[in-house]
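Here's a quick briefing to read alongside the model. Have the sequence and the 3D view open as you go.

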Amino acid sequence: MIIYGVALLSVCTLTGIAIGQMLGKLIGVPANVGGVGIAMILLILAGTYLKKRDLLNIKTEQGVEFWSAIYIPIVVAMAAKQNVMGALTGGPMAITAGIFAVVCGFLLVPVLSRIGNDESSETTKAVSVETPSTTTSSSVR
Amino acid sequence: MYESLLVVSNKYSLVMGFAVIGLTMWLSYWVSGRFTKGRVHGSAIAIMLGLFLAYLGGVFTGGEKGIVDLPLLSGIGILGGSMLRDFAIVATGFGVDIDELKRAGKAGVIALFMGIFSSFIAGVSIALAFGYTDAVSLTTIGAGAVTYIVGPVTGAAIGASSEVMALSIAAGLVKSILVMILTPFVAPYIGLNNSRSAVIFGGLMGTSSGVAAGLAATDPKLVPYGCLTAAFYTALGCLLGPSLLFILMRGMFA
């Protein structure tokens, strides 16, 4: 039944967000610490486990897949409720700071991807990865 | 006439949201096919249209929630709110390949730290250029360039003025919106076309709404990988902002 999939997704989401909330409380951060990420990992693990045991039928999977497919419209709705006015009227300093942060991020993607590639091609990763990663992060700092 | 419409849209706000967003999606995909021959992805156009609607909402109502401030369209707020957003993001994880995730794991963690440091430094250097010299303001504006949540959280913790906090939120908003708009166009140039670079991208950019929308407009298959790392970014930023980053700044600009 489709509701089994939706329920599985709900349980994973609630558990993950709850763990994230508790982690935040423990560390003393007023934010959810990776709740969505933890929930995703729970869903991935639960999904693989159930598939292996042949406990997931197509209907159940459809319950999860519907929400995965409705994701883009949800993101569009999210875009429509952003405070775009606030961003544009924030003044030149806020706008420049935002632009600069984004440019730095974009530029670093290919740099870090290279580190990732080294890692997968190397079998003795522990040693080889430590060196490039520490040098790049210290040079940025 | 308007009164009765308002009653319907109030009672069935979420349904109204589905209808309006569905129409927006259809229009965007039509524009994408008709005028760009599919080169600009339909979802990228839809997101830009959404942001434009948000801008109009801000202009006409003076509110902070974009188009949602129009009572007729409040249902979009439920559809695009954090509950359904997180629910749908988690759902995208269903198609994730664990092995690919493991392979990108370490690079993702490095990306998280580098993303926070690089955004912070970017924010601080711009603040310096605009004449701020005290450690509290510099840290708050730098933290705002991390995300618009880290900015005010850090500012409140270290006692920044409300004016500086507003600036830091605005910097974070600009970042988030730029990531939404620019990602699909920049993606080919930075090699953002596989799960590993998506994990890294999520860690570097961090702004969850920006990453979610940017990757959705680039390639929906990449969404779970980027969102997974981005999920840890704001929390790590909130952790580092008022502590390590502030201490570093105080050491340099006391």
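Helices (H or I, at least four residues) and strands (E, at least two) here are DSSP runs, numbered from the N terminus. This is a predicted model, where local features need pLDDT of at least 70, side-chain atom pairs count only at pLDDT 80 or more, and totals for chains, interfaces and linings use all residues. Residues are numbered from 1 along each chain as its sequence is written, and chains are lettered from A and ligands numbered from 1 in the order in which they are written.

- UniProt (unreviewed entry) lists "transmembrane region" at residues 30-50, 62-80 and 92-112 of chain A; its positions follow the numbering used here, feature names are shortened, and annotations may be inferred rather than shown by experiment.
- Residues 62-80 of chain A are 95% helix and 0% strand, with end C-alpha atoms 28 Å apart.
- Residues 30-50 of chain A come out at 76% helix and 0% strand, and their end C-alpha atoms are 35 Å apart.
- In chain B, the UniProt "transmembrane region" feature (unreviewed entry) covers several spans, including 12-31 and 172-192.
- Residues 12-31 of chain B are 95% helix, with end C-alpha atoms 29 Å apart, while residues 172-192 of chain B are 71% helix, with ends 22 Å apart.

**Where the chains meet**
- Contact (C-beta atoms, placed from the backbone, within 7 Å) links 73 residues of chain A with 94 residues of chain B.
- Helix 6 of chain A gives the largest share of the side of chain A that touches chain B, at 22 residues.
- That side of chain A has 46 nonpolar, 23 polar and four charged residues, with Ala, Val, Leu, Ile, Met, Phe, Trp, Tyr, Cys and Pro counted as nonpolar, Asp, Glu, Lys and Arg as charged, and the others, Gly among them, as polar.
- A:V75 touches B:I47, B:A212, B:A213 and B:A216, leaving out residues up to four places away in sequence.

**Helix 3 of chain A**
- A:T60, A:V64, A:W67 and A:S68 of this helix are buried (20 or more other C-beta atoms within 10 Å of their own; exposed is 12 or fewer, partly exposed in between; C-beta atoms are placed from the backbone).
- Looking down the axis of helix 3 of chain A, the buried residues fall within an arc of 110° (taken from the directions from the helix axis to the C-beta atoms), so they line one face.
- The face turned away from that buried side carries the exposed residues A:I58 and A:K59.
- The buried residues of helix 3 of chain A pack against helix 1 and helix 4 of chain A, together with helix 5 (82-92) of chain B.

Notes
Two residues are in contact if their C-beta atoms, placed from the backbone, lie within 7 Å.
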